[in-house]
Amino acid sequence: MPDAVYVLARRILLDALQALGDQRDALVLVGAQAIYLHTGDGDLAVAPYTTDGDIALDPSELSDAPKLEEAMRAAGFVLDLQQPGVWLASEGVTIDLLVPEAVGGAGRRGARLGEHGNRAARKARGLEATLVDNEPMEITALAADDERLCQIAVAGPAALLVAKLHKLGEREEASGRSDDKDALDVLRLLRASPTQTLAGRLSMLRDNPRSGAVTVEAMDYLRALFAEPTAPGSQMAARAATPLEDADVVAASSAALATDLLNTGEVRQPQAR
């Protein structure tokens, strides 16, 4: 049985997806809940767990109505006054509405979304790949008494890996326990996805104009954070898995899988002439 907080987070995610249903063509599920749809429980003793939901928006697919802010407020969500794009549910679970930085317009944090204003969603670098690599999936509730089902585009494992690596790389100097969990989610993706398949999708993302730059940067983060057992990301994943998993084994596994991916022909960067 999933953790009670994770069950609640899924229920709140479904609330948000229902609220934004008329804008479904613009939505892509990202973050931990998308990762767990691909990886399941995996072979880690640490159960999937998250306290929020992340939804990426493609501005080119947004309709002028209904307004994002009006739809979320009508469903009982409250916009955080300090942080654009953070929507609070009464139970304390948050839904983050995110826009890839490259298509988020001017400004530092809030995405510029025309008729939808500048505070309904916030910009995040690394999500560009999720607009390229996604596929429709059915999202169901985790509680036995909740029979809801929603179909939405879900980011693929390669795009989710790119997004997680950006999140970790950009926050490395201020890492904490939540970032340790993000590093463990990277390991989940590396373990759940065949290396050759993942490499092929990353190559496609690297060659796509919308996602190429962030994918190259993500592979640099993978090399810096995970290519050695003693590297920061490998150690963060090990901390997140302790005490249910052996820390040395988790760190070594993280490094081995990252190195295998980086050495795959499709991912390896061509040498400068």
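The turns below go through an aromatic pair, salt bridges and pockets of a predicted model.

User: What do the values rest on?
Analyst: This is a predicted model, in which local features need pLDDT of at least 70 and side-chain atom pairs count only at pLDDT 80 or more, while totals for chains, interfaces and linings use all residues. Residues are numbered from 1 along each chain as its sequence is written, and side-chain values use heavy atoms, with hydrogens and water left out.

User: Why are Tyr-6 and Tyr-36 called an aromatic pair, and what makes the pair edge-to-face?
Analyst: Rings of Phe, Tyr and Trp (its six-membered ring) pair if their centres lie within 6.5 Å; planes under 30 degrees apart are stacked, over 60 edge-to-face, the rest tilted. Tyr-6 and Tyr-36 are 5.7 Å apart centre to centre with 75° between the planes, so they pair and the pair is edge-to-face. Tyr-6 is in helix H1 (residues 4–19) and Tyr-36 in helix H2 (residues 31–39), 30 residues apart; helices here are DSSP runs (H or I, at least four residues), numbered from the N terminus.

User: Why does Tyr-6 count as buried?
Analyst: Buried means under 20% relative accessible area, exposed over 50%, and partly exposed in between (1.4 Å probe, protein chains only). Tyr-6 has 6% relative accessibility and therefore counts as buried. Tyr-36, at 5%, is buried.

User: How do you know that Arg-73 forms a salt bridge with Glu-69?
Analyst: A salt bridge needs a side-chain nitrogen of Lys or Arg within 4 Å of a carboxyl oxygen of Asp or Glu. The closest N and O atoms of Arg-73 and Glu-69 are 2.9 Å apart, so the pair qualifies. Both residues lie in helix H3 (residues 68–74), four residues apart. Arg-73 has a relative accessible area of 42%, so it is partly exposed; Glu-69, at 27%, is partly exposed.

User: Which residues form a salt bridge with Lys-164?
Analyst: Asp-182 does, with closest N and O atoms 2.4 Å apart. Because Asp-182 lies in helix H5 and Lys-164 in helix H4, that pair ties together parts 18 residues apart in sequence. Asp-185 also forms a salt bridge with Lys-164, at 3.6 Å. Asp-182 and Lys-164 are buried, and Asp-185 is buried.

User: What makes up the lining of the largest pocket, by class?
Analyst: The lining has 16 nonpolar, eight polar and 17 charged residues. Nonpolar covers Ala, Val, Leu, Ile, Met, Phe, Trp, Tyr, Cys and Pro; charged covers Asp, Glu, Lys and Arg; the others, Gly among them, are polar.

Methods: Helix = DSSP H or I, 4+ residues; strand = E, 2+ residues; numbered from the N terminus.
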